Amino acid sequence: MVPSLQKFGHRSWTQDKLERVRKYLVAYSIIMQKRRFQYAYIDGFAGTGYHELERDDGESLFQELEEPEVEAFLDGSARIALQVEPRFNKYIFIEKSRKKTIELKKLRVEFPDRGVDIIVEKADANDYLKKMCLEKSWQNHRAVLFIDPFGMQLTWETLVAVGKTEAIDTWILFPISAVNRLLKKDGHIPVKWRRRLDLMFGEKAWFDVFFPEDKSMGLFDNNPPIRRKVDSMETIGAYFNQRLATAFAGVAPNPYTLRNTKGAPLFLLCFAAANPNAVKPAIKIAQDILKRDPARSLFSADDT
Ligand SMILES: C[S@@+](CC[C@H](N)C(=O)[O-])C[C@H]1O[C@@H](n2cnc3c(N)ncnc32)[C@H](O)[C@@H]1O
């Protein structure tokens with residue numbers, strides 16, 4: 001049996017994010033069950049259905065087990081979505097690794113009652129999502145989309161396409177620390193990195209946001225204005241959330257910072273709702289989930 005995190009009194013940031021998304025899926029499905037729409041769970045960067053819990057610098061997670069190198073295999077987002085009750089009508093798992101899609105297909109056997117409704121796509125998430133959002137009719141369909149990349153794989157164009165459906169509630173892991181690393185202190189950012197940031201933010205204005213001109217300098221000479229990097233992860237997060245608000249009907253104003261064991265920010269968990277007619281309840285639920293103190297409430301028996 002898989003050791004549970006509760007048992008070991010440990011919670012990783014990965015567990016934290018998945019538990020928050022799970023809470024939303026449960027609340028969403030309870031509401032949607034009573035509505036006339038067909039609704040799907042879409043996982044853009046689906047992985048394998050499980051993830052490995054690695055031992056954390058010296059913390060003896062498994063002290064009573066004889067094999068110290070043992071790792072725990074914990075439910076990943078795909079498996080978590082499949083466990084949600086009431087069930088979703090469809091599950092679309094997108095993953096670019098062939099090996100991982102083979103693992104994902106095994107979920108059809110593990111969840112036989114949902115098997116025929118599990119769609120596994122070996123594809124690039126950006127290509128697949130853009131096509132699906134733009135070509136499909138969303139009039140009678142709704143979905144929750146989870147975007148959980150390792151780094152900066154998501155492009156802005158994809159988010160614009162998702163927002164245009166007016167039908168998809170979206171959870172996004174925004175790679176705040178990866179972005180911060182590309183924003184070199186001296187402002188000399190290689191062209192390739194700039195391009196990456198342009199693709200992620202969907203505009204070039206990020207440079208002025210993160211490297212504003214120092215107006216107090218250079219006023220009386222002909223030197224180019226001095227620019228200093230704004231030294232704050234918060235600015236990066238706030239800027240991305242503002243950008244999201246331009247593509248969706250609404251965004252949760254309180255994205256949640258996921259940190260490593262040393263407290264350094266890694267990702268921002270953001271929520272955006274595409275449907276203008278259902279934006280209020282969606283944001284209210286997400287906002288509540290994002291503000292909860294994980295130590296107190298995330299692993300409680302209360303599911304809604
Ligand atoms: C952080 S993992 C996802 C973990 C998963 N949400 C879970 O809880 O188990 C990111 C996944 O995205 C996949 N990936 C990376 N780039 C991709 C792309 N452009 N399109 C689709 N999948 C991609 C990787 O192979 C990896 O499995």
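Modeller: In this predicted model, a helix is a DSSP run of H or I with at least four residues, and a strand is a run of E with at least two. By that count the chain has 13 helices and twelve strands.

Biologist: Why are the buried residues of H12 said to lie on the same side?

Modeller: Val279, Ala282, Ile283, Ala286, Ile289 and Leu290 are buried. They cover an arc of only 130° around the axis, so they sit on the same side of H12. Lys280, Lys284 and Lys291, on the other side of H12, are exposed.

Biologist: What do the buried residues of H12 pack against?

Modeller: Their partners are helix H2 (13-32) and strands S7 (168-174), S10 (250-251), S11 (256-259) and S12 (265-273).

Biologist: Which residues touch the most other members of the largest nonpolar core?

Modeller: Ile42 and Phe174 do, in a core of 48 residues. Helix H11 (residues 233-247) gives the largest share of this core, five residues. A second, separate core has 41 residues, including Val120 and Tyr256.

Biologist: Which residues is Ile42 in contact with, leaving aside neighbours within four places in sequence?

Modeller: Contact requires heavy atoms within 4.5 Å. Among the residues that Ile42 contacts are Ile92, Leu129, Trp138 and Phe146.

Biologist: How much of the chain is called buried?

Modeller: Buried requires under 20% relative accessible area; such residues make up 49% of the 304 in the chain.

Methods: Residues numbered from 1 in each chain as written. Predicted model: local features only at pLDDT ≥ 70, side-chain atom pairs only at ≥ 80, totals over all residues. Heavy atoms only, no water. Core = buried A, V, L, I, M, F, W, Y, C linked by side-chain atoms within 4.5 Å. Buried < 20%, exposed > 50% of the residue type's maximum accessible area, 1.4 Å probe, protein only. Arc of directions from axis to C-beta.
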